[in-house]
Amino acid sequence: MNGQERAQIRPGITVQVVQKQDQRSGKLTEGVVKDILTNSARHPHGIKVRLESGMVGRVKNILS
């Protein structure tokens with residue numbers, strides 16, 4: 001799953017996100033979703049979330 005659909009994402013699942021400063025390199029960071037920050041149902045670059053670590057990024061992969 002690619003993380004573009006808000007309905008697929010909920011707090012507590014493990015995802016890989018790309019942070020703003022890592023967009024050029026494509027470096028992914030793994031974490032557990034705490035909050036969903038994107039209000040729209042879809043986003044072409046991935047739904048923006050806050051992880052439990054406090055990190056903010058766009059979901060690229062849903063792991064669980």
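These legends go with several close-up views of one predicted model. Residues are numbered from 1 along each chain as its sequence is written, and side-chain values use heavy atoms, with hydrogens and water left out. In this predicted model, local features need pLDDT of at least 70 and side-chain atom pairs count only at pLDDT 80 or more, while totals for chains, interfaces and linings use all residues.

**View 1. Four strands form a closed barrel.**
The order around the barrel is E1-E2-E3-E4, and the pairing is antiparallel. Strands (E, at least two residues) are DSSP runs, numbered from the N terminus. Neighbouring strands of this sheet are turned by 75° against each other on average, direction ignored. For such angles, axes are lines fitted to C-alpha atoms, and values run from 0 to 180 degrees between N-to-C directions. Strands of a sheet pair through backbone hydrogen bonds, either parallel or antiparallel.

**View 2. Strand E4 pairs with E1 and with E3.**
Two strands count as paired if DSSP finds at least two bridges between them. Strand E4 covers residues 56–62 and is joined to E1 by four bridges. Here Gln16 stands opposite Asn61 of E4. Three bridges join E3 to E4. On that side, Arg50 stands opposite Val56 of E4. Both pairs of strands, E1 with E4 and E3 with E4, run antiparallel. The hairpin of E3 and E4 has four residues between the strands. Gly54 in this hairpin takes a positive phi near 95°.

**View 3. Arg42 and Glu5 form a salt bridge between distant parts of the chain.**
How many salt bridges does the structure hold? There are three. A salt bridge is a side-chain nitrogen of Lys or Arg within 4 Å of a carboxyl oxygen of Asp or Glu. Side chains of opposite charge can pair when their charged atoms come close. In this view, the closest N and O atoms of Arg42 and Glu5 are 2.5 Å apart. Arg42 sits in the loop between strand E2 (29–36) and strand E3 (48–51). Glu5 sits in the segment before strand E1 (14–18), and the two residues are 37 residues apart. Arg42 has 45% relative accessibility and counts as partly exposed. Glu5 is also partly exposed, at 29%. The cut-offs are under 20% relative accessible area for buried, over 50% for exposed, and partly exposed in between (1.4 Å probe, protein chains only).

**View 4. Asp35 and Arg50 meet in a salt bridge between two strands.**
The N to O distance is 3.1 Å. Asp35 lies in strand E2 and Arg50 in strand E3, so the pair ties together parts that are 15 residues apart in sequence. Asp35 is partly exposed, with a relative accessible area of 28%. Arg50 is partly exposed too, at 30%.

**View 5. The loop between E1 and E2 holds Asp22 and Gln19.**
Asp22 forms a salt bridge with Lys27, with the closest N and O atoms 4.0 Å apart. Is Asp22 buried or exposed? Asp22 is buried, with a relative accessible area of 11%. Lys27 is partly exposed, at 48%. Contact means heavy atoms within 4.5 Å. Not counting residues up to four places away in sequence, Asp22 touches Lys27 and Thr29. The C-alpha atoms of Asp22 and Gly57 are separated by 9.4 Å, though these residues are 35 residues apart along the chain. Gln19 is buried as well, at 14%. Leaving aside neighbours within four places, Gln19 is in contact with Thr29, Met55, Val56 and Gly57.

**View 6. Ten residues make up the largest nonpolar core.**
A nonpolar core is a set of buried Ala, Val, Leu, Ile, Met, Phe, Trp, Tyr and Cys residues joined through side-chain atoms within 4.5 Å. The members are Ile9, Ile13, Val15, Val17, Val33, Ile47, Val49, Leu51, Val59 and Ile62. E1, E3 and E4 each give two or more residues to this core. Beyond four places in sequence, the contacts of Val17 include Leu28, Val49, Leu51 and Val59.

**View 7. Arg58 is buried yet has no salt bridge.**
Arg58 lies in strand E4. Which side chain of opposite charge is nearest to Arg58? It is Asp22, 13 Å away. Lys and Arg count as positive and Asp and Glu as negative; His and the chain ends are not counted. Not counting residues up to four places away in sequence, Arg58 touches several residues, among them Gln16, Thr38, His43, His45 and Lys48.
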